[in-house]
Amino acid sequence: MSIEILDPVAEAEEAAPSRRRLRGLGVIGWVSIGVIVLALLLAIFGPIVRPFDPNLSDLSFANVGPYGSHLLGFDGQGRDVLSRLMEGARTTVLGAGFVALIAVVIGTTLAIATAWFGGKFDATVSAGIDVLFAFPGILLAVVAAAVFGPSLFSAGLALAIAYSPYVARVLRGAALKERSMAYIAALEVQGFGAWRLCARHLLPNISSLIVAQGTILFGFAMVDLAAISFLGLGVQSPQADWGVMVAEGKTGLLQGYPLVSLVAVLCIVAVVAAVSFLGERLDAGSRDVRR
Amino acid sequence: MVRMSETSIPATTSTEVEPVLSVRGLRKVFGTQVAVDDLSFDLLPGRSVAIVGESGSGKTTVARMIVGLEKATAGTIIACGRDRSKPARRGAERKLRGREVQIVFQDPYSSLDPRQSGANLIDEVLRVHHDHDSAARTRIVGELADIVGLDRRQIHAMPRALSGGQRQRVAIARALATAPRVLILDESVAALDVSIQAQVLNVLADIRDERGISYVLISHDLAVVRQLTEDALVMQRGVVVEQGRTVDILDNPQHDYTQMLRASVPGPGWKPQRMRERLKSAQAAAAKP
């Protein structure tokens, strides 16, 4: 039967759907991946391989520009800027990753539960999500800092909770669509339980959207965490953090020494832009990779 | 209007054999819309019944109620001697029902998980239902693939790499994995082109001969109905308007609506204009109290 012969192209693509998704990334996508990998390497190894102690202060070097082995010079308190950037990568990048991860876990759970059970449960939870939408993430983080004391953990947790409605809203739609597919009905008729159906069939089929959502959230989280640290409610000075560095550099900025704030801002912008570009491309890819 | 829902299926075997599926007074109401009203039939082992009617006549709702995807407003459904009118509360009961009645849906494209090959799918179904070791499961997967006519590569391929007909064969294999007594075919070949349709119908006919399984065939295609079933019900707007032997209904339709359905099949001398007139008179007849 000519109609039943397998399409070799379709089969080859079938063998590696993830490879097909990566092919559509383009130059910007690959540059983004490069920046993100670099940021992750910095987050993991930065505090180990940094050339100097990030908290070693020598006021006689305050606001001195690039000099010898100090490639990015010194900040207003005479601390090595490059070392502080490398040290700060960990809290900044991993903090944002932690926020995105928690938000995605909460949001996905809510989305699948509401889509699966529907009815009153869906209506109640969706109403709760609408209420959460009303609170800006930063405001919630400020409240958390007031209640639990300023720290990266409380700020991050508050942000994660504030972000989860966005994930839940987007994924609920995808989960509802998947829930209405005949294959789910067929497996229900087979006697499969809700847990198995959600975990083994529904979840994997919306996973590319989950990854895309997480990536986009990571960018938001980095900016918001930096803002919170800038306000002094997140990571506490003198601990190195890119948001803290922007705050610390602002006096230098007024005195004509913009380097500290500038490099910290550049790092934040580069990583956030890379993550956004990648998230956008993964999102688009997740749409045409299916069927 | 002739109401024949009380009429039982021809009495040749009904006295000595217990039906595998028995539906009594089945009714489904969506809001104020009556989708199915007072539907009754018996299905004997190894025999098949067709439910025919145009789109929106309530055929698919009947199928969904029998497999438990839709809750019946009233009436009883008894499969293999066990009542399944109420939703299953426990997992064990759900699985037990899964081993009694299975269904093959119309759309071959949405009825398979895009991330699971046929072999994996059947393997998972077997793991959920039985305690077979992996060698036994592999053997059953091979047997089912043989039955539905898929080769080794096709049964291990992802759905995306399969044609509509091949996907529908996978769906049939999945339905057969639990060895059900009744298989509901909800327009299962309607989305396939004619030559593939014939192949799949042959597969279904062979399976029935070998396994003694009973079919509930839901279709608007009268040729398919004639090929596969002994008994038939004709539904119009949720109501059974004619019920009896397939041959009698197709060759000698009593009700206006059945005559209209029969005349809707394009053939030599078929004219849309004449169809419209028949449709009008059938609708007028149905509107009469």
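User: What makes the largest nonpolar core a nonpolar core, and which residues have the most contacts inside it?

Analyst: A nonpolar core is a set of buried Ala, Val, Leu, Ile, Met, Phe, Trp, Tyr and Cys residues joined through C-beta atoms within 7 Å. Buried means that 20 or more other C-beta atoms lie within 10 Å of the residue's own, with C-beta atoms placed from the backbone. The largest such set in this predicted model has 157 residues, and those with the most contacts inside it are A:Val99, A:Leu159, A:Leu217, A:Ala221, B:Ile184, B:Val216 and B:Val234. Helix α4 (residues 81–117) of chain A gives the largest share of this core, 16 residues. A helix here is a DSSP run of H or I, at least four residues, numbered from the N terminus.

User: How many residues does each chain bring to the contact?

Analyst: Chain A brings 23 residues and chain B brings 30 residues. On the side of chain A that touches chain B, α8(A) supplies the largest share, 6 residues.

User: How do you know where confidence is lowest in chain A?

Analyst: By pLDDT, the predictor's confidence in each residue, from 0 to 100. The mean is 45 in α1(A), the lowest, and 91 in α8(A), the highest. Where pLDDT is low, the predicted coordinates should not be read in detail.

Analyst: Local features need pLDDT of at least 70 and side-chain atom pairs 80 or more, while totals for chains, interfaces and linings use all residues. Residues are numbered from 1 along each chain as its sequence is written, and chains are lettered from A in the order in which they are written.

Key. Contact = placed C-beta atoms within 7 Å. Helix = DSSP H or I, 4+ residues; strand = E, 2+ residues; numbered from the N terminus. Buried ≥ 20, exposed ≤ 12 C-beta atoms within 10 Å, placed from the backbone.
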